[in-house]
Structures are given as C-alpha cells and as structure tokens.
Amino acid sequence: MDKFLIRGPVRLEGEVPVSGAKNSALPALAACLLTREPVTLERIPRVRDIATMKSLLGTIGARVETDGGAVRVEAKEISQPEAPYQLVKTMRASSLVLGPLLARCGRARVSMPGGCAIGARPINLHTSGLELLGARVTQSHGYIEAEAPQGLRGAVVHFDRITVTGTEDLLMAATLARGETLLENAAREPEVKDLADLLGRMGARIEGAGASTIRIQGVDWLHGAEHTIIPDRIEAGTFLIAGAITGGDVLVTGCQPEHLQALIVKLRQGGAEVQQQGAAALRVRGARAPRSADMTTEEHPGFPTDLQAQYMALMTQAEGISIITETIFENRFMHALELTRMGANIRIEGRQAIVAGPRKLSGAQVIASDLRASASLVLAAMVAEGESTIDRVYHIDRGYERIEAKLAQVGANIQRTE
Ligand code: EPZ
C-alpha cells in the first residue's frame with residue numbers, strides 16, 4: 001500500500017498547474033448516459049475516482065475511450081442500467097448514474113453507497129426528488145431500484161437541505177422529463193453550473209444553474225457534444241494553502257479565481273498576501289507569522305468543506321486561537337487526531353475544532369482517513385521538523401492528480417514509497 005515520505009520544514013516557491021475538477025468530471029461523465037451520441041470531455045483529471053466512474057460506464061454498456069486528458073463516451077446501448085456494489089462501495093458518487101439511467105431507459109438499480117469516513121451521507125434527497133418526477137423507488141438487498149416505465153414528468157422539487165450531487169442527479173433526470181421541473185434550494189457550486197453548461201450543449205433547456213432555483217424544460221432527446229471541464233477549485237485551494245503554510249511564494253495557474261473568494265478572504269485575514277495574476281492564476285505569499293482566523297464551512301459561495309482540513313493545518317501555525325466550525329458533515333475532523341500526533345494543539349467540541357497556535361510540528365507516522373484529510377497531513381508534514389510517513393495515500397489519489405510531482409516541482413521533499 002503506497003505511502004508518502006515527506007521531510008520538512010520546506011518553503012514552497014514556484015508555479016503549480018491545476019487539473020480539471022474531479023467533482024465536475026464525475027457528473028459530466030454520468031451525463032453521457034443521457035444520449036446515444038458520443039460526448040467528448042476535455043481536461044478530465046487522471047485520478048482514481050474518474051477511473052472508477054469510467055469502469056462503471058463500461059459495465060452499464062457505454063464505450064469509453066481516453067486520450068490523455070480527453071475522454072470520449074458513447075452510450076449507444078444501455079445493456080445493464082445498474083451500479084454494482086463493488087464499484088459503489090469505492091466511490092459513492094456512483095449514485096450520479098441514478099438520474100441519467102432513469103431518464104434514459106426508465107429504470108435503474110444502484111447499490112446503496114453506505115456510509116463513509118466523513119459521515120452517513122444518505123441519498124434520500126436524491127430518491128425523494130426522483131419520486132416527485134414520477135419514479136417508483138424501492139430498496140432491497142442493499143440496492144435502490146427505481147422505475148419509471150412511462151418516463152419522468154416535470155415537478156417542483158424543493159430540497160430539504162442543499163445537496164450537490166442530489167441537485168446534479170435531479171438536474172440530469174429533469175432534462176428528459178415531460179414538461180417543466182423546478183429545483184428549489186438547489187446547490188450553487190460551480191460544478192453544478194458546469195454540468196448545466198454541458199447539458200445545454202447537449203440540447204437541454206436549463207435556466208438558473210448556479211443559483212438556488214433551477215428551471216428545466218424537458219426535451220425528447222439529447223445529442224452529443226464537446227465540453228471542457230472547469231479547473232479544480234479544491235486542488236487550487238489546497239496549493240494556495242500549501243504556499244501560505246510554508247511561508248512560501250506560489251503561483252497557482254490554470255484556476256478560476258472567482259471560485260476561490262471565500263478562501264482568499266481567510267488567507268488574507270491570516271496574514272498571507274494573495275493576488276490575482278491574469279484571468280487564471282493566483283499568487284500567494286505566506287506570512288512569516290500567520291494569524292488565527294475563525295472559519296465556518298458553508299455551501300458555495302461560503303467556505304468549502306473540502307478545504308476545511310487543509311485550513312486546519314494552516315491554523316496550527318497561526319498565532320492565537322481559531323475556531324473551525326464544520327456545518328456540512330457530521331464527522332469531518334479525523335485529520336485533527338493525526339495533526340495532534342504531530343504536535344498540534346486542537347480540541348474537538350461537537351461540530352467545532354478549537355486550534356491553538358502557533359505550534360511547532362514534528363514529523364511522525366500518520367494515517368490518511370479520507371481524501372481531504374490526506375491533503376491536510378501532507379501540508380502539515382511539509383512544515384513539520386523531520387521525517388513523516390503518511391500511510392494509505394490511495395485516499396489522496398482519488399482526487400489529486402500526481403500531487404507529489406506537483407509539490408516536488410515547487411520545492412517539497414516528498415517521495416511515494418511502497
Ligand atoms: C459533494 O458530495 C462532493 N462530492 C463532496 O466532495 C463535497 O464535500 C460535498 O458535495 C459538499 O460540498 C462530489 O461532488 C462527487 P451533499 P455530496 O449531498 O453531493 C446530506 C470530495 O472531497 N445529504 O452536498 O455527497 C449529507 O449527508 C468530496 O471531493 C442528505 O442528508 O454532498 C451532507 O451532510 C467529499 N441526504 C449534506 O447533505 C441526501 O440525499 C451535504 O451533502 C444528500 C445529502
């Protein structure tokens with residue numbers, strides 16, 4: 001099982017490029033099931049979750065060809081409208097095929113994703129939304145079975161709470177439903193807007209994506225298209241925090257600065273200098289003595305929960321007390337326990353983590369528990385004194401393309417070992 005060997009402290013300096021957004025590529029790949037015609041997606045990141053989604057599309061019956069960062073999907077026939085357990089258990093975002101399969105062939109059988117390290121993560125809002133569109137949804141033997149033999153019909157779907165993939169699942173299903181669908185209290189993440197842009201190119205009629213209410217007029221069929229995925233704002237944010245925590249000078253290129261405003265505000269409050277350079281690059285210069293700044297995660301455009309762990313690592317080096325409140329997931333502080341083993345002073349009280357700094361970290365053996373927690377440990381290991389090993393880095397490979405190569409390029413002392 002791969003490990004990272006990291007020596008610190010280092011100061012990062014130089015330019016690091018951002019890949020396409022994993023959380024935009026996943027729904028975009030699922031959307032290819034909505035048409036018989038080929039869809040070509042550019043800037044698809046080479047990460048494990050994408051590989052899992054491509055094999056899932058293959059088992060469903062689509063032809064999937066990869067050429068570098070481009071993926072071409074042709075779902076001429078749907079031979080098996082099913083997402084099997086052995087794939088879903090490794091990637092819960094497989095539930096994104098539920099809406100497209102139901103809309104395309106009137107039935108879908110998707111394994112219940114089960115919990116994951118950061119929380120229970122049910123998909124009840126996905127299924128109750130699809131029932132409003134006329135699907136009959138039952139559950140047996142750990143699978144969700146959904147049927148809509150007469151097709152889906154438009155409806156008003158008001159989400160009890162904001163759900164990113166729930167919004168995306170319903171958005172895809174509604175494109176082929178008869179009549180108009182309104183999605184209310186929809187997620188406003190940039191990845192939802194990117195999916196709507198792709199669907200629009202395929203002939204869907206969508207208004208309001210990126211806002212809380214999305215209006216969809218169903219059409220009879222969708223055609224093929226070409227689309228370039230937006231840059232990964234979480235990867236970009238991780239590299240900005242890497243520049244800040246090491247007191248470095250890092251230029252993050254190929255990103256969309258407008259997607260990172262909540263983080264930029266916090267980095268500046270903490271004493272870092274952040275400047276936009278052109279339309280697609282951000283330069284961060286870390287403060288010699290970072291200051292503490294409280295932070296609360298919120299749905300977009302608030303501070304992203306997917307950057308909470310990385311921000312906590314930064315706050316271990318900040319002067320003073322910072323209170324980090326996690327409002328999205330019920331169990332997303334596992335990284336705090338590992339950071340404490342490196343010398344951080346963190347106390348967890350329910351949904352809040354109280355971080356007292358600055359604390360000198362020392363290298364240690366730590367274990368990654370989930371994708372973004374792993375990134376947090378990499379950041380901490382780069383400023384810790386001495387050698388750290390991070391075990392179970394397959395978590396980080398799910399969502400970061402060649403992270404050790406990109407960080408080494410700007411001065412990190414990091415190797416992948418068996
Ligand atoms: C997406 O997950 C992202 N994944 C997550 O990124 C991200 O952390 C999350 O949105 C929040 O921004 C992808 O886009 C593939 P939610 P998703 O549905 O859609 C509850 C990463 O690191 N909920 O917005 O699964 C849920 O339990 C990953 O790349 C229900 O109760 O998240 C959570 O508390 C981690 N019922 C809250 O809503 C439902 O039916 C938000 O979840 C659905 C969700």
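# Close-ups of a predicted model

**View 1. Leu 34 and its neighbours.** Setting aside anything within four places in sequence, Leu 34 is in contact (heavy atoms within 4.5 Å) with Pro 100, Ala 103, Arg 104, Met 172, Thr 175, Leu 176, Leu 199, Met 202 and Leu 222. Leu 34 is also among the residues with the most contacts inside the largest nonpolar core, together with Val 97, Leu 152, Leu 171, Leu 183 and Leu 199. That core counts 75 residues, and helix H1 (residues 22-31) brings the largest share, 6 of them. A nonpolar core here is a set of buried Ala, Val, Leu, Ile, Met, Phe, Trp, Tyr and Cys residues joined through side-chain atoms within 4.5 Å. Buried is under 20% relative accessible area, exposed is over 50%, and partly exposed is in between (1.4 Å probe, protein chains only). Helices (H or I, at least four residues) and strands (E, at least two) are DSSP runs, numbered from the N terminus.

A word on the model: it is predicted, so local features need pLDDT of at least 70 and side-chain atom pairs count only at pLDDT 80 or more, while totals for chains, interfaces and linings use all residues. Numbering starts from 1 along each chain as its sequence is written, and side-chain values use heavy atoms, with hydrogens and water left out.

**View 2. Around the ligand.** The shell around the ligand holds 21 residues (a heavy atom within 4 Å), and Leu 125, Thr 163, Thr 165, Asp 306 and Ile 328 come nearest. By type, the shell splits into 9 nonpolar, 6 polar and 6 charged residues; Ala, Val, Leu, Ile, Met, Phe, Trp, Tyr, Cys and Pro count as nonpolar, Asp, Glu, Lys and Arg as charged, and the others, Gly among them, as polar.

**View 3. Ligand oxygens and the protein.** Look for an oxygen atom of the ligand 3.3 Å from a polar backbone atom of Pro 122. An N or O atom in the side chain of Arg 161 also sits 3.3 Å from a ligand oxygen, and for a polar side-chain atom of Arg 332 the distance to a ligand oxygen is 3.4 Å. On its own the ligand exposes 820 Å², and the protein buries 89% of that (Shrake-Rupley method, 1.4 Å probe).

**View 4. Thr 297 and helix H10.** Thr 297 lies in the loop between strand S18 (295-296) and H10, and it is buried, with a relative accessible area of 0%. Its side chain makes a polar contact with the side chain of Glu 326 at 3.2 Å; within protein, that is a pair of N or O atoms within 3.5 Å, one able to donate a hydrogen and the other to accept it, and residues adjacent in sequence count only if both atoms are side-chain atoms. As for H10 (residues 308-315), 8 of its 8 residues are buried, so this helix is largely enclosed by the rest of the structure.

View 5. Ala 177 belongs to the loop between H6 and strand S11 (180-184) and, at 1% relative accessibility, counts as buried. Beyond its neighbours within four places in sequence, Ala 177 is in contact with Leu 152, Arg 153, Gly 154, Gly 218 and Val 219.
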